[in-house]
Amino acid sequence: MDTITHGLAGSVLTRTLSARPARRAFLLGAMAGMFPDCDFLFTPDRLSYLRNHRGWTHSFIAMPFFALALALIGRLVFRRARLPALWLFCAVAIVSHILLDWVTSFGTMFFVPISRTRYSLDWVFILDPVLTGLAAVLLGAALAWRKGGRKVAAAGSLLLCSYIAFCAVQHRRALAVWRRIDGPISGARIAVLPQFLSPFRWLGLSDRAGEVHAAFFDIGPFARGVPDPRPPERFSEILSSLSDFYPPPQRAVILRFAKPAESRLLAATRALPDVQTYLAFARFPLATVDSQPDGSAAITWEDLRFLPWFSGPWQRDQKNGLRREPFLYRVRLDAAGRVLDRTFVPTSRFGRRSALAPDLRPSGAPTSGSAGRGLDRSPDPAQTLRSRGARLLPPVTRETPRAATESGTTLAQTRS
Ligand SMILES: [Zn+2]
């Protein structure tokens, strides 16, 4: 969740704890609600961001101490206030932050330092204008209606929880839909991830033996989706074109990404501490191996959780329109397995494709017959993967559960 929403929600929640329209509840709620995200100040590079963001400051174990520190700071301003009351405001706001992060897909480390396991419910997209708008209106109402502010805040907190519960129900529905259209395979790791601007739009992902499947779909009553959607080229086109890319489930195109064959060099990158950090963060990692004639290789790791379409924020690529591909990590090894260099692939405004050239040019990967998708002008969101040499298998469209079984056969045949 974005930091502003955390501040607004924290402020609304702490207002429910205060009988009087006290400034301290609002201010401490906002400050403590935003506080956990200050951890990015202590992550000098992207790898340490992946390792440590949503760690210590988002931990239930460390929470009481952070709440105390913030309450002591609050005491410098509100000198007559009781410390336990200030601590309670801060604790409630920090806990609200942790829980609001939990409902997103990023992964929150609740139990640092005991465990670095990341928890995520995948209910709400990381930027949710409905949630932010609701929290802002509720905070405004609670501030304006001083006497009834507590009741407004209590009703508002309930409303915020109801919205999240609604998203949870949609998540459950989307998961059932994804299981049906992708076809059940035991041992597959599956998830449906919320998408921008609608609780009905989802990205289904399943990690199977040998391949990873992905599909964008809309389970809402107004699902549209067009067979050959045109990617936006201007910011002004993003919102209007969005619904084109999320068809109803029966028309969803399942993209199949082949995992690379196990190799010595792939195993060598996996053992690197920085790649392990990456893999601890990634939930649907896919490696693309680009082997060179001299025996060296460039291995690029991508988390399909962030597959474009449509995750914002946006980067303008001067050559290829708009795109977004965060967290691509590339390691280059020589034939002996020694690391030549390793870095996040730049996704700057100068264009990732030009940054990738010349060492990661298309390497004869099979083309996909899938409809146009993706944030760039490439034919589909997997184009960017193919441009690095990822093997994209023919996509499948499963019309009905019955057809799903049939496609399952086709799929197996294709593989054999
Ligand atoms: Zn956070």
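Which residues touch the most other members of the largest nonpolar core? In this predicted model, local features need pLDDT of at least 70 and side-chain atom pairs count only at pLDDT 80 or more, whereas totals for chains, interfaces and linings use all residues. Residues are numbered from 1 along each chain as its sequence is written.

**Cores**

Leu-203, Leu-205, Ala-214 and Ala-215 touch the most other members of the largest nonpolar core, which holds 45 residues. A nonpolar core is a set of buried Ala, Val, Leu, Ile, Met, Phe, Trp, Tyr and Cys residues joined through C-beta atoms within 7 Å. Buried residues have 20 or more other C-beta atoms within 10 Å of their own, exposed ones 12 or fewer, and partly exposed ones a count in between, with C-beta atoms placed from the backbone. Strand E3 (residues 211-218) supplies the largest share of this core, five residues. Another core, of 43 residues, lies apart from it and includes Met-1, Ala-30, Ile-94 and Leu-134.

Beyond its neighbours within four places in sequence, Leu-205 is in contact (C-beta atoms, placed from the backbone, within 7 Å) with residues including Ile-190, Val-212, Phe-284 and Arg-305. Of the 416 residues of the protein chain, 45% count as buried.

**Secondary structure and sheet**

The protein chain has 13 helices and 11 strands. These are DSSP runs numbered from the N terminus: helices are H or I, at least four residues, and strands are E, at least two. Four strands make up an open sheet ordered E5-E6-E9-E10, with antiparallel pairing; strands pair if DSSP finds at least two bridges between them. Because strands E5 and E10 stand at the edges with a single partner strand each, one side of each is left without a neighbour in the sheet. The twist averages 15 degrees from one strand to the next. Five bridges join E6 to E9, and Trp-301 has Tyr-329 in E9 as its bridge partner. Helix H10 (residues 273-281) lies across E5, E6, E9 and E10, at about 150 degrees to E9; such angles run from 0 to 180 degrees between N-to-C directions, and axes are lines fitted to C-alpha atoms, for helices over the stretch in contact.

|---|---|---|
| H4 | residues 63-77 | Met-63, Phe-66, Leu-70 |
| H5 | residues 83-102 | Leu-83, Trp-87, Ile-94 |

The axes of H4 and H5 come within 8 Å and cross at roughly 130 degrees. The two helices are therefore oblique to each other, angles under 35 degrees counting as roughly parallel, over 145 as roughly antiparallel, 65 to 115 as roughly perpendicular and the rest as oblique.

Key:
Contact = placed C-beta atoms within 7 Å.
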